[in-house]
Amino acid sequence: MMAPKVKIPDPPEADVIYMTEAGKQSLQKELDHLLKHDRKQVLDGIRESRNMGDIVENSGYEDAKREQQLIDGRIDEIQQILQIARVVRKRTVPTDHAGIGSIVELHDLKRRRKLHYQLVGPFEADPENAKVSYTSPIGEALWGKQVGERVEVQAPSGLLRYRIENIKK
């Protein structure tokens, strides 16, 4: 008797950003810091520079205004991300196939070594800590795959071949 075939999910929607709970918390923490600390600090700097007199030739004022623009831009960006983000809760992370939040253990068929990656949203990717975006080449190759399947990834260094050994939360 054959095991029932698992329905593989469609690729993520383009107008939605999926992320883990940890990814959302990290962005929220950054937003809070920008709003409560960095923005306040730069506004104090602008106020101070303005009090120094002529703002036309005041490089401190110009620097503070540029810093304010950068901070406000990042605040807007994070708010937009959080507005369209869909958080994948830890309890719903798939283990029957690779999806958002899944930790995929791989066997490198060429180098004969094991490695693992966690599939995360594009704004929480951190390759040095084995967190890859579902929109990256390896993320797209792993998406929806199951234990035992082989995947190929075209990388700058050449074609990489892996076998999926395990998928966990």
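Gln68 counts as buried, its relative accessibility being 12%, and the cut-off for that class is under 20% relative accessible area. The model in which this residue is described is a predicted one. Gln68 belongs to helix 2. Its C-alpha lies 8.8 Å in space from that of Asp38, a residue 30 positions away in sequence.

**The helix pair**

Helix 2 covers residues 59-84, and its axis comes within 9 Å of the axis of helix 1, residues 21-51, with a crossing angle of roughly 160 degrees. Because angles over 145 degrees count as roughly antiparallel, helix 1 is roughly antiparallel to helix 2. The crossing of the two helices is left-handed. Sorted by class, the residues in the contact of helix 1 with helix 2 are 14 nonpolar, six polar and nine charged.

**Overall architecture**

The secondary structure of the protein consists of three helices and seven strands. Along the sequence, these elements follow the pattern β-α-α-β-β-β-β-α-β-β. The protein has 169 residues, of which 37% are buried.

Why is strand 3 described as largely enclosed by the rest of the structure? Strand 3 spans residues 103-108, and five of its six residues are buried, so the strand is largely enclosed. Strand 3 runs antiparallel to strand 4, residues 113-120, and six bridges join the two. Within this pairing, Val104 has Tyr117 of strand 4 as its bridge partner. Strand 3 and strand 4 also form a hairpin with four residues between the strands, and Arg112 in this hairpin takes a positive phi near 55 degrees.

Strand 3 also pairs with strand 7, residues 158-168, in the antiparallel sense and over six bridges. In this pairing Ile103 stands opposite Lys168 of strand 7, and Glu105 stands opposite Asn166 of strand 7.

Strand 7 is also paired with strand 6, again in the antiparallel sense and over six bridges. Strand 6 and strand 7 form a hairpin with two residues between them. Which residues make up the covered face of strand 6, and which the uncovered one? The covered face consists of Val151, Val153 and Ala155, whereas Arg150, Glu152 and Gln154 make up the uncovered face. Glu152, on the uncovered face, stands opposite Arg161 in strand 7.

| Residue | Strand | Facing residue | Facing strand |
|---|---|---|---|
| Ile103 | strand 3 | Lys168 | strand 7 |
| Glu105 | strand 3 | Asn166 | strand 7 |
| Glu152 | strand 6 | Arg161 | strand 7 |

**The aromatic cluster**

Rings of Phe, Tyr and Trp count as a pair if their centres lie within 6.5 Å, and by this rule there are two aromatic pairs. In one of them, the ring centres of Tyr18 and Tyr134 are 6.2 Å apart and the ring planes stand at 75 degrees, so the pair is edge-to-face. Tyr18 is part of strand 1, residues 17-20, while Tyr134 lies in the loop between strand 5, residues 131-133, and helix 3, residues 137-142. The pair therefore ties together parts that are 116 residues apart in sequence. Both Tyr18 and Tyr134 are buried.

How are the rings of Tyr134 and Trp143 arranged, and what are the distance and the angle between them? Their centres are 6.3 Å apart and their planes stand at 50 degrees, so this pair is tilted. Tyr134 is buried with a relative accessible area of 7%, and Trp143 counts as buried at 16% relative accessibility. Together, Tyr18, Tyr134 and Trp143 form one aromatic cluster.

Terms used. Residues numbered from 1 in each chain as written. Predicted model: local features only at pLDDT ≥ 70, side-chain atom pairs only at ≥ 80, totals over all residues. Heavy atoms only, no water. Buried < 20%, exposed > 50% of the residue type's maximum accessible area, 1.4 Å probe, protein only. Pairing = 2+ DSSP bridges. Axes fitted to C-alpha atoms, helices over the stretch in contact; angles between N-to-C directions. Parallel < 35°, antiparallel > 145°, perpendicular 65-115°, else oblique. Left-handed = near helix turned anticlockwise from the far one by under 90°. Nonpolar A, V, L, I, M, F, W, Y, C, P; charged D, E, K, R; others polar. Phe/Tyr/Trp six-rings, centres within 6.5 Å; stacked < 30°, edge-to-face > 60°.
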